[in-house]
Amino acid sequence: MSTYATIPTPIAPFTVIVDADGAVLASGWTADVDALLPVIHPTLRPAELVEGDIGAVADAVVRYHDGDLTAVGAIPVRQRSGPFIEHAWEVLRTVPPGAPVTYREFAAKAGRPTAVRAAAAACARNAAALFVPCHRVLGTDGTMRGFRWGTAVKEALLAHESRP
């Protein structure tokens with residue numbers, strides 16, 4: 001059984017689905033848990049989902065929005081895909097707050113400097129927004145690009161992370 005909770009944040013309501021072990025399966029700036037279910041890999045998608053206490057995960061979300069930008073880094077995440085995408089998600093978790101990278105830089109960090117499109121696909125397929133910080137990746141020219149939760153949310157996150 002998996003549990004979800006919606007947490008109010010200064011940006012928008014933030015909903016998180018966690019598995020029985022407390023690992024994040026999906027998250028995003030929405031109050032609609034049904035919007036998150038399709039982005040969970042079919043082998044991980046919960047058969048049973050209840051609203052409830054998500055413990056340390058909720059605490060980390062609140063602390064992040066209160067200014068502890070590293071609070072979400074220790075929260076476990078469970079996602080599935082091919083080897084490169086899974087590796088790319090792990091690499092994304094090493095991009096520090098306040099230091100966004102371009103898709104080209106992200107591809108290089110993931111060990112495939114010419115795989116810019118694959119790096120972009122890793123961001124697009126990321127179900128665990130915030131915990132796997134795809135919002136920290138910018139267009140190769142340094143400009144804002146798409147984000148599942150909207151560029152306004154991405155801009156707000158990057159502004160939050162760049163404050164002293």
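Which residues does V16 touch, not counting residues up to four places away in sequence? In this predicted model, V16 touches T3, Y4, A5, I7, V24, A26, S27, L36, I54, V57, V61 and F131.

**The core**

V16 belongs to the largest nonpolar core, which has 54 residues. V16, W29, F106 and F131 are the residues with the most contacts inside this core. Two or more residues come from each of β1, β2, β3, α1, α2, α3, α4 and α5. Helix α2 gives the most, with six residues. Domain 1 (2–66) and domain 2 (83–162) both contribute, so the core lies between them. In soluble globular proteins, nonpolar side chains tend to be buried together.

**Two helices with a buried side**

Helix α1 spans residues 56–65. Its buried residues are V57, A58, A60, V61, Y64 and H65. They sit on the same side of α1, because they cover an arc of only 160° around the axis. The cover over these residues includes β1 (2–7), β2 (14–18), β3 (24–28) and α5 (151–162). Two of them, V57 and V61, are also touched by V16. After α1 comes G67, with a positive phi near 120°.

Helix α4 spans residues 116–124, with V116, A119, A122 and C123 buried. Here the arc is only 115° around the axis, which puts these residues on the same side of α4. An α-helix has 3.6 residues a turn, so residues three or four places apart point the same way. The buried residues of α4 pack against α2 (83–92), α3 (103–109) and β6 (137–138). R117 and A124 are exposed, on the face of α4 turned away from its buried side.

**Strand β5**

T102 lies in strand β5 (residues 101–102). Is T102 buried or exposed? T102 counts as buried, because its relative accessibility is 13% and the cut-off is under 20%. Beyond its neighbours within four places in sequence, T102 is in contact with V137, L138, G139, T140 and G142.

**Salt bridges**

The whole structure holds five salt bridges.

| Pair | Closest N to O distance |
|---|---|
| R78 and D21 | 3.7 Å |
| R145 and D141 | 3.4 Å |

The pair R78 and D21 links distant parts of the chain, 57 residues apart. R78 is in the loop between α1 and α2. D21 is in the loop between β2 and β3. R78 counts as partly exposed, at 26% relative accessibility. D21 counts as exposed, at 66%.

R145 is partly exposed, with a relative accessible area of 37%. D141 counts as exposed, at 54% relative accessibility. Elsewhere, salt bridges that share partners join D19, D21 and R78 into one network.

Technical notes:
Residues are numbered from 1 along each chain as its sequence is written. This is a predicted model: local features need pLDDT of at least 70, side-chain atom pairs count only at pLDDT 80 or more; totals for chains, interfaces and linings use all residues. Side-chain values use heavy atoms; hydrogens and water are left out. Buried means under 20% relative accessible area, exposed over 50%, partly exposed in between (1.4 Å probe, protein chains only). Helices (H or I, at least four residues) and strands (E, at least two) are DSSP runs, numbered from the N terminus. The arc is that of the directions from the helix axis to the C-beta atoms. Contact means heavy atoms within 4.5 Å. A nonpolar core is a set of buried Ala, Val, Leu, Ile, Met, Phe, Trp, Tyr and Cys residues joined through side-chain atoms within 4.5 Å. Domain bounds come from an automatic or database domain assignment. A salt bridge is a side-chain nitrogen of Lys or Arg within 4 Å of a carboxyl oxygen of Asp or Glu.
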